[in-house]
Amino acid sequence: MTKIYFPFSSGSGTAVTETYWSRMARRWLKSGVVDFLDRLEVYGDSTGMQVKIRSGAAWIHGHYFESDATETLPIASSDPLLNRIDLVALRLSYTDHAIDFQVLTGTPGTSPTPPSLTQTDAIWEIPLAQVYVQAGSITITANDVTDLRNYCMPRKTIIMQWLPPTGTITSGDSKQVWVVPREYQSWVITRVQAHAITPSSSGNLVFQIHRVRGGNNIDILSAPIIVEANENDSLSATNQPVINPSYQTLAAGDEYHVDVDSAGTGAKGPTVMLVIAPPEE
């Protein structure tokens, strides 16, 4: 039977090395993005064959990475005839003793698939985003980028439903209410999303969330959640919701109410989701 124990700089314990330190650190958190700064969000803004990555941090295979400014990464020229899917990843190189962003270029095809990540003893990669490179394109737009981030810290999704899948959505305030339990004191709302089982045939669905604290009502979204006509989910909307940072932090006993500001036409089966995360240490 073999016993090891570390990190110790002297004595009978195993010497402190990169290998042993990361082996220990992998038990603390799984690989993924940290809820810090702008969370390494990847986006396209129609400024050419490139994507941009906002500031943030990540935990990757027992190592820590942090970037405090937006970085621009080039995307290879598009194929004139075939579409392609690229992958934006964070790469840990044990050979170079470095961590940095990487674009993995896919293969053009009639039904393209993204390239595979490398996860070996030499290189460990985690995904940040998928980039759809359309044939003949000369720029990367916001709609070309699909978020693939996973988070290393525990996160919870609060699901609020007030109708069955066949229930028709109507406008009005306080359609559903969630009360913050003590366990989520000081947690932070990091993302909101809405979905309709049956989409609106005309007109957008518009959701607002208001908080009730000490008898005071306040809308927490500076831009509401929109599910566009003939779409099922807010993730595909042109204008994404914006959480007012002044109202992100939860307190036990707070009430969060879902308001339907616009119900569209014939939309059914609503769901509104709040993604919450522990506060940064």
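Strands β14 and β15 form a hairpin with two residues between them, where a strand is a DSSP run of E of at least two residues, numbered, like the helices (H or I, at least four residues), from the N terminus. G214 lies in the turn and has a positive phi of about 60 degrees. The pairing of β14 with β15 (residues 216-219) is antiparallel and runs over four bridges; two strands count as paired if DSSP finds at least two bridges between them. Within this pairing, R211 has I218 of β15 as its bridge partner.

The model is predicted, so local features need pLDDT of at least 70 and side-chain atom pairs count only at pLDDT 80 or more, while totals for chains, interfaces and linings use all residues. Residues are numbered from 1 along each chain as its sequence is written, and side-chain values use heavy atoms, with hydrogens and water left out.

Eight of the nine residues of β14 are buried, that is, under 20% relative accessible area, where exposed means over 50% and partly exposed lies in between (1.4 Å probe, protein chains only).

The loop between β18 (242-243) and β19 (255-263) holds T249. Is T249 buried, exposed or partly exposed? T249 is partly exposed, with a relative accessible area of 39%. Leaving aside neighbours within four places in sequence, T249 is in contact (heavy atoms within 4.5 Å) with S186, W187, V188, R213, D254 and Y256. Of these, R213 falls within the range of β14, and Y256 within that of β19. T249 and Q134 are 115 residues apart in sequence and 40 Å apart in space, C-alpha to C-alpha.

Another part of the chain holds an open sheet of four strands in the order β8-β7-β9-β10, with antiparallel pairing. Strands β8 (98-104) and β10 (145-147) stand at the edges with a single partner strand each, so one side of each is left without a neighbour in the sheet. The twist averages 25 degrees from one strand to the next, taken between N-to-C directions on a scale from 0 to 180 degrees, with axes as lines fitted to C-alpha atoms (for helices, over the stretch in contact). Strands β7 (residues 84-93) and β9 (residues 123-133) pair over ten bridges, and D86 stands opposite V131 in β9.
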